[in-house]
Amino acid sequence: MKRIVMGMAAAISLLATGAMAADLAPRPYVKAPPVVAAVYDWTGFYIGGNIGYSWGRSRDDSTLTNGAGTVLFTSSDRANMDGVIGGAQIGYNWQVQNWVWGLEADIQGSDQKGSRIFTCPTGVCTPPFGVIAVFPGPAVPVTLDQKLTWFGTVRGRVGILATPTVLFYATGGLAYGEVKTTETIGAAAAVFSNSDTRVGYTVGAGVEGVIGGNWTAKLEYLWVDLGRTSGAFTTAIPALGGGVLTSNYSSRITDNILRVGVNYKFGGPVVAKY
């Protein structure tokens, strides 16, 4: 009897286990979620700031003339106009696949300044010494001080993405700025000052990369040519041939600029790519 009961219990247990297994539905296949790649989108407006250094040059031709306009003395030389620069920029980019096109404008304050000194000697000389004739009396020293007080550019930009977040670009366009010239003539220190706003061009290149979120940082080089600034100053110093001495200068202003900057781009920093 005991064996019969144990056998019936074992059979009931097997039947119950099979029924429970039959009631369990098969697990469905779950597809893995797609991989999402975050790609930086360069399209949009941005603003930023920059700071740098400029190695400027003034290539000057100066003459001294008498009352009749006769050239008595000519001096040609160049002077460095180096200094710290800093300012702000604003722009807009359009991204087309791996290419980025843009427009940018900036305005800069400048500490660039330089000077050169030449002396109009006493006596009469002939070329190749550079002196045709001079007025009688002691030698006359002339100091020409020049400063680029501010400048700005309006440029186009075109670049290619080395990676989705690193852009190499070329740039070029309009440049403009104010050149202040101060000239001191003679031992009596006759002083002439003139400010002239010049318009020229700029070309350059740079690299810009994403540093986090909507922020990018850039390193940029620009060549700036503001053309020639000129002026004339009539003194009270007697000149050979009649009248008084008049100083005339004509200076070509160029710049080599290296600067670093940061930009903040408005809008979302990334787009999702499946």
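Modeller: Happy to. Let's begin with a definition: a salt bridge is a side-chain nitrogen of Lys or Arg within 4 Å of a carboxyl oxygen of Asp or Glu. Please keep in mind that this is a predicted model, where local features need pLDDT of at least 70, side-chain atom pairs count only at pLDDT 80 or more, and totals for chains, interfaces and linings use all residues. Residues are numbered from 1 along each chain as its sequence is written, and side-chain values use heavy atoms, with hydrogens and water left out.

Colleague: Thanks. How many salt bridges does the structure hold?

Modeller: It holds 13 salt bridges. In one of them, the side chains of R259 and E220 meet at 2.8 Å, N to O. R259 lies in strand β9 and E220 in strand β8, so this pair ties together parts that are 39 residues apart in sequence.

Colleague: What counts as a strand here?

Modeller: Strands (E, at least two residues) and helices (H or I, at least four) are DSSP runs, numbered from the N terminus.

Colleague: And is E220 buried or exposed?

Modeller: E220 counts as buried, at 1% relative accessibility. Buried means under 20% relative accessible area, exposed means over 50%, and partly exposed is in between (1.4 Å probe, protein chains only). R259 counts as buried too, at 2%.

Colleague: Which residues are linked with them in a network?

Modeller: The network of salt bridges links E104, D106, R155, K218, E220 and R259.

Colleague: What about D196, which side chain does that one meet?

Modeller: The side chain of D196 meets R198 in a salt bridge of 3.5 Å, N to O. D196 counts as buried at 17% relative accessibility, while R198 is partly exposed at 25%.

Colleague: Let's zoom out. How many helices and strands are in the chain?

Modeller: There are 1 helix and 10 strands. Of the chain's 274 residues, 35% count as buried.

Colleague: And what share of the contacts comes from residues 24 or more positions apart?

Modeller: Such residues account for 71% of the contacts with a separation of 6 or more, where contact means heavy atoms within 4.5 Å.

Colleague: Which charged end sits over the ring of Y40?

Modeller: That of K265, 5.8 Å from the ring centre. A charge sits over a ring if NZ of Lys or CZ of Arg is within 6 Å of the ring centre and within 35 degrees of the ring normal. Likewise, the charged end of R157 sits over the ring of Y169, 4.4 Å from its centre.

Colleague: Last topic, the backbone. What is the phi of Q97?

Modeller: Q97 has a positive phi of about 55°, although it is not a glycine. Most residues other than glycine have a negative phi. Q97 is in the loop between β3 (71-96) and β4 (99-120), and is exposed, with a relative accessible area of 70%.
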